[in-house]
Amino acid sequence: MKRHDTPVVWWLVLLAAAGAFALTMGTRQTMGFFLSPLNTATGLGVGSISLAFAFGQLWWGLTQPFAGAVADRVGAGRVLLVGVLLVALGTFLTPFMTTTWGLIFAIGVLAAGGAGMAGPSVLMAATARLIPAERRGVATGVVNAGGSFGQFIMAPLAAALTASLGWMGALQALGFIVLLALPAAWVLRGPGPAAAPGAAAPAVALPAREAIRRALGTPSYLLLSAGFFVCGFHVAFLATHLPGVVAACGLPAPVGAWALGVIGLFNIIGSLAMGWAVGRWRMKSLLSLVYTSRAVAVLVFLLAPKTEAVLLVFAAVMGLTFLSTVPPTVGLVAKFFGTGNMAMLFGLVMLSHQVGGFLGAWLGGQVFEATGNYDVVWYIDIVLAVAAALVHLPIKESAPVRLRPA
């Protein structure tokens, strides 16, 4: 899509990117809703089925740097096209899989890999190229909120489809619904190494190996990646184990569902607010504030009485900080290196996030089995959040690194 410096085009780009993210992320996040029906139908056991979901967490992260590298070269449109088709195919085929390896292929490879190709690294980079630099913070906030909205709306849709079509029909219907994201591939198409009007740095696309070498030699980029690792740990632990936390507190099971819904709702607010704040304050300071807020909120939650009201307020605070780290992280990557290799370089930061996510989800289960509660993980989360708040302070935001051909 050609760029025109008009609000109409800006909002069309944002609608395409946010809509695609809502459909792919929302569908991916509802897959856990079908774990129990899959277990009943296949008899494989929750452990074996969970392996497919765990592999999907890692594969989603591993896919993004490679998808980003391709998008940097050939444009986001073609990558998004393939990604959306893979999400649809993997979701549609899941009910037909009766073995662990079959589920790993459908859920962990096809659906998760497609969601990675149509994920934040490609979508954020495409948006950054098509939106003026001074509006980039708000733009990434809107796109990020789209993913949050998808999580918020697709779960009840999956439940409604299951009630009317059965779980197999619901999965296949979701596979077709994902195809509504295909027009976004046309809107966000365009040459890979193009610069948005007002971009802070020339959008020079280097060979992937050279871009990675220079990025890994930039201390501020490494510190940013370390902080995003902590974000992944925190987010995956909450997404996976919050219902278990509710049960461990002796609260009714529906409170867990409400808490997840509150996180999704307030995540939209947090993403939009952070997108607005990125253009007004230093991004590294905003990230430090988010991680500090998480540490304080978790500590207060541990000390507070475990009532329904306390849990829902805690969920709201966590929702405000849940993925509000994304807009400033995207903004810093663009500020460091420009947009030429942004999809790949942000994809590497996302990979760090997903490694943290794998550990958060896995460690939560291990600790609960060993101790009967999640207290140890909560304290680890507090320590990591404080470390992340501190690790962003040395980032040199005012002196961006420019990737130029050697």
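Helices in this description are DSSP runs of H or I with at least four residues, numbered from the N terminus. The model under discussion is predicted. By that assignment, the protein chain holds 16 helices and 0 strands. Of its 406 residues, 55% count as buried. The accessible surface of the chain amounts to about 16000 Å², and carbon and sulfur atoms account for 73% of that area.

Beyond residues up to four places away in sequence, Leu351 touches Gly61, Leu62 and Pro65. The C-alpha atom of Leu351 is also 9.9 Å from that of Gln57, although 294 residues separate the two along the chain.

Leu35, Leu38 and Thr42 of H2 are buried. These residues lie on the same side of H2, because the arc they cover around the axis is only 65 degrees. Thr40 and Ala41, on the other side of H2, are exposed. After H2 comes Gly43, which has a positive phi, near 65 degrees.

The aromatic residues provide a further view of the structure. Rings are taken as paired if their centres lie within 6.5 Å, and the count by this rule is 9 aromatic pairs. In one of them, the ring centres of Phe301 and Trp378 are 5.7 Å apart and the planes meet at 65 degrees, so the pair is edge-to-face. Phe301 is in helix H12 (residues 283–303) and Trp378 in helix H16, so this pair ties together parts that are 77 residues apart in sequence. Both Phe301 and Trp378 are buried. The two residues also belong to a cluster, linked by ring pairs, that includes Phe237, Phe314 and Tyr374.

Helix H16, covering residues 375–391, also contains Asp381. Which side chain of opposite charge is nearest to Asp381, and how far away is it? That side chain is Arg294, at 6.5 Å. Apart from neighbours within four places in sequence, Asp381 is in contact with Phe233, His234 and Val298.

How values were computed:
Residues numbered from 1 in each chain as written. Predicted model: local features only at pLDDT ≥ 70, side-chain atom pairs only at ≥ 80, totals over all residues. Heavy atoms only, no water. Contact = heavy atoms within 4.5 Å. Helix = DSSP H or I, 4+ residues; strand = E, 2+ residues; numbered from the N terminus. Buried < 20%, exposed > 50% of the residue type's maximum accessible area, 1.4 Å probe, protein only. Areas by Shrake-Rupley, 256 points an atom, 1.4 Å probe, with all protein chains shown as cover. Lys, Arg positive; Asp, Glu negative; His and termini not counted. Salt bridge = Lys/Arg side-chain N within 4 Å of Asp/Glu carboxyl O. Arc of directions from axis to C-beta. Phe/Tyr/Trp six-rings, centres within 6.5 Å; stacked < 30°, edge-to-face > 60°.
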